[in-house]
Amino acid sequence: LQRWAKCGLLAGIVALVGIAWPTLETFLVMAVLQLTLCTLFVGLRAAGAITGERENGTWESLLTTHLDAYQIVRGKLWGQIDAVRPYLLCYLVPALLTALWSGGWEILWIPYLWLASWVTLYHLGAIGIGCSIKAPSTWQSIVLTLTTFVGSVVS
């Protein structure tokens, strides 16, 4: 599907679920689901950002550009985060509109958890990029990223 179709489908599902079950628990489950899926998407893509370049043999040529390594790594991290930005907005708008319609405490929790998802995206994305720098292969980087993230959340 095209990105606009995916966004429309996501917005429609969020709106339908919010209208069908307008309870705080429903909105919290949708928010946690959105946070989890987007964070995993960013983390897994970031975990393969640099190892994928090395496996394809393009990392050395990327280092010969006018950009320094910091700019390349930062650009890769924000590129992964920017890939989920439309989906975050496609979740937020219908969730807020249906929360306004239901008239409960959901209107406070939705933006709070949405902003928390940005922090979590950056956190797991940065862990993924760091593991991608250290690991010799993409699969090792993914495993290292997930174990490091779980360790940082648990401790």
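**Pocket**

I began with the largest pocket of this predicted model, and its space comes to about 380 Å³. For the search I used a 1 Å grid over the protein atoms alone, where a pocket is an open set of points with protein on both sides within 12 Å along at least five of seven lines. Grid points are joined across faces, edges and corners, and the volume is the space filled by probe spheres set on the points.

Which residues lie nearest the centre of the largest pocket? I noted Leu-10, Gln-34, Leu-37, Cys-38 and Tyr-87, out of 16 lining residues (a lining residue has an atom within 4 Å of a point). Two or more lining residues come from each of α1 (3-20), α2 (24-47) and α5 (69-102). Helix α2 gives the most, with seven residues. By type, I have 13 nonpolar, one polar and two charged residues in the lining; Ala, Val, Leu, Ile, Met, Phe, Trp, Tyr, Cys and Pro count as nonpolar, Asp, Glu, Lys and Arg as charged, and the others, Gly among them, as polar.

**Ground rules**

I number residues from 1 along each chain as its sequence is written, and side-chain values use heavy atoms, with hydrogens and water left out. The model being predicted, local features need pLDDT of at least 70 and side-chain atom pairs count only at pLDDT 80 or more, while totals for chains, interfaces and linings use all residues.

**Whole chain**

I find seven helices and zero strands (DSSP runs numbered from the N terminus, helices being H or I with at least four residues and strands E with at least two). The C-alpha trace spans about 55 × 40 × 25 Å along its principal axes. Of the 155 residues, 38% count as buried; buried means under 20% relative accessible area, exposed over 50%, and partly exposed in between, with a 1.4 Å probe and protein chains only.

**Salt bridges**

How many salt bridges are there? I get two, taking a side-chain nitrogen of Lys or Arg within 4 Å of a carboxyl oxygen of Asp or Glu.

Lys-76 pairs with Glu-53, with the closest N and O atoms 3.0 Å apart. This pair links distant parts of the chain, since Lys-76 is in helix α5 and Glu-53 in helix α3 (residues 49-56), 23 residues apart. Are these two buried or exposed? Both Lys-76 and Glu-53 are buried.

Asp-82 pairs with Arg-85, with the closest N and O atoms 2.7 Å apart. Both sit in helix α5, three residues apart, about one turn of the helix. Asp-82 has a relative accessible area of 33%, so I list Asp-82 as partly exposed; Arg-85, at 37%, is partly exposed too.

**Surface patch**

I then looked at a nonpolar surface patch of about 530 Å², made by Trp-105, Leu-108, Trp-109 and Tyr-112. Such a patch takes residues with over 30% relative accessible area and no salt bridge, and joins nonpolar side chains (Val, Leu, Ile, Met, Phe, Trp, Tyr) within 5 Å. Trp-109 belongs to helix α6 (residues 106-134) and is partly exposed because its relative accessibility is 39%.

**Contacts across the chain**

Ala-126, in helix α6, is 83 residues from Gly-43 in sequence, yet their C-alpha atoms are 8.0 Å apart. Gln-140, in helix α7 (residues 138-154), is 92 residues from Gly-48 along the chain, with 9.4 Å between C-alpha atoms. I have Gln-140 as partly exposed because its relative accessible area is 44%.

Note on methods: Patches are made of residues with over 30% relative accessible area and no salt bridge: like charges are joined within 9 Å, nonpolar side chains (Val, Leu, Ile, Met, Phe, Trp, Tyr) within 5 Å. Accessible areas come from the Shrake-Rupley method with a 1.4 Å probe; for residues, only the protein chains shown count as cover. On a 1 Å grid over the protein atoms alone, a cavity is a set of points where a 1.4 Å probe fits but cannot get out, and a pocket is an open set with protein on both sides within 12 Å along at least five of seven lines; lining residues have an atom within 4 Å of a point.
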